[in-house]
Amino acid sequence: MGATMQVEGAVAVVTGAAGGIGAALAEALVEAGAHVVVSDVDGERLAATAERIGAVAVAGDAASEEVIAAMVASAEEHFGPVDIFFANAGVGDGSGLAATDEQWQLALDVNLLAHVRAARQLVPGWVERGSGYFVSTASAAGLLTQIGSATYSVTKHGAVGFAEWLAVTYGDDGIGVSCLCPMGVDTDMLRAGMTSGGGDGGRVAAAAVTGAGEVLAPRDVADQVLAAVAEGRFLITPHEDVREFAQRKAADHDRWIHGMQRYQRHLRGDAS
């Protein structure tokens, strides 16, 4: 186990917090006695969430250096130095090889570089203090893959890799790191993939997630995240099947790929 963090009394920042896992994390943190700043690109929904749970809102793009600095400054102004950062904002689509450079850049910025930019601003100060905690919301797609979406799969692998690197590099300096890798969670992103607006790739991606296991409530996931932070546990897999799937992949990569190909054929047949 790595460094732990006492949530009660801690100053926390949560991105992607207008709804879904982010809003549930912020709510759970407030209930546990933390002081919370929330952020999201959807300013209207964010303001409603912040008012409902008693948090401070900073609207904007989680991948923006300026917005990250504003989150940190707001936390310091209202509560004090940031103790825990939840890099939770994410984007997904149903794009394959037809994904444009703009779609790739958006996924890279939000799903990966937002984490890098936040850590760049916070970790040096945490090292000086000897404490701090970074929570990365990745995905089971970052351990396995995401049928139907190249951009999501690749960038979530990157998020897992960066979280691992942070843990290895700064664990001896008192910095805790956790990486959240769920399958299906009842969020706007998952529901959007089930509509025609997500395209065939989006529908297949959503079907792959919902067909692989139970779709969990965001608050159930949030409670597991806070438990992991209290224990200093790196990998958080609310769906226990994810660990078994990852072990199968590591044990025989070719067999795992053949199995995923069969699963994809099945999903595409259903979608058509």
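This is a predicted model: local features need pLDDT of at least 70, side-chain atom pairs count only at pLDDT 80 or more; totals for chains, interfaces and linings use all residues.
Local features require pLDDT of at least 70 and side-chain atom pairs count only at pLDDT 80 or more, while totals for chains, interfaces and linings use all residues. Residues are numbered from 1 along each chain as its sequence is written, and side-chain values use heavy atoms, with hydrogens and water left out.

The protein chain contains 10 helices and 7 strands, taken as DSSP runs (helices H or I, at least four residues; strands E, at least two) and numbered from the N terminus. Of its 272 residues, 49% are buried (under 20% relative accessible area, 1.4 Å probe, protein chains only). Among contacts (heavy atoms within 4.5 Å) with a separation of 6 or more, 70% link residues 24 or more positions apart.

Helices H1 (residues 20–31) and H8 (residues 218–231) pack at about 55°, their axes lying 8 Å apart; axes are lines fitted to C-alpha atoms over the stretch in contact, and angles run from 0 to 180 degrees between N-to-C directions. Residues of H1 including Ile21, Ala24 and Leu25 meet residues of H8 including Val221, Ala222 and Val225.

Strand S2 (residues 35–40) runs parallel to S3 and is joined to it by 4 bridges, where pairing requires at least two DSSP bridges. Ser39 has Val58 in S3 as its bridge partner.

Key:
Buried means under 20% relative accessible area, exposed over 50%, partly exposed in between (1.4 Å probe, protein chains only).
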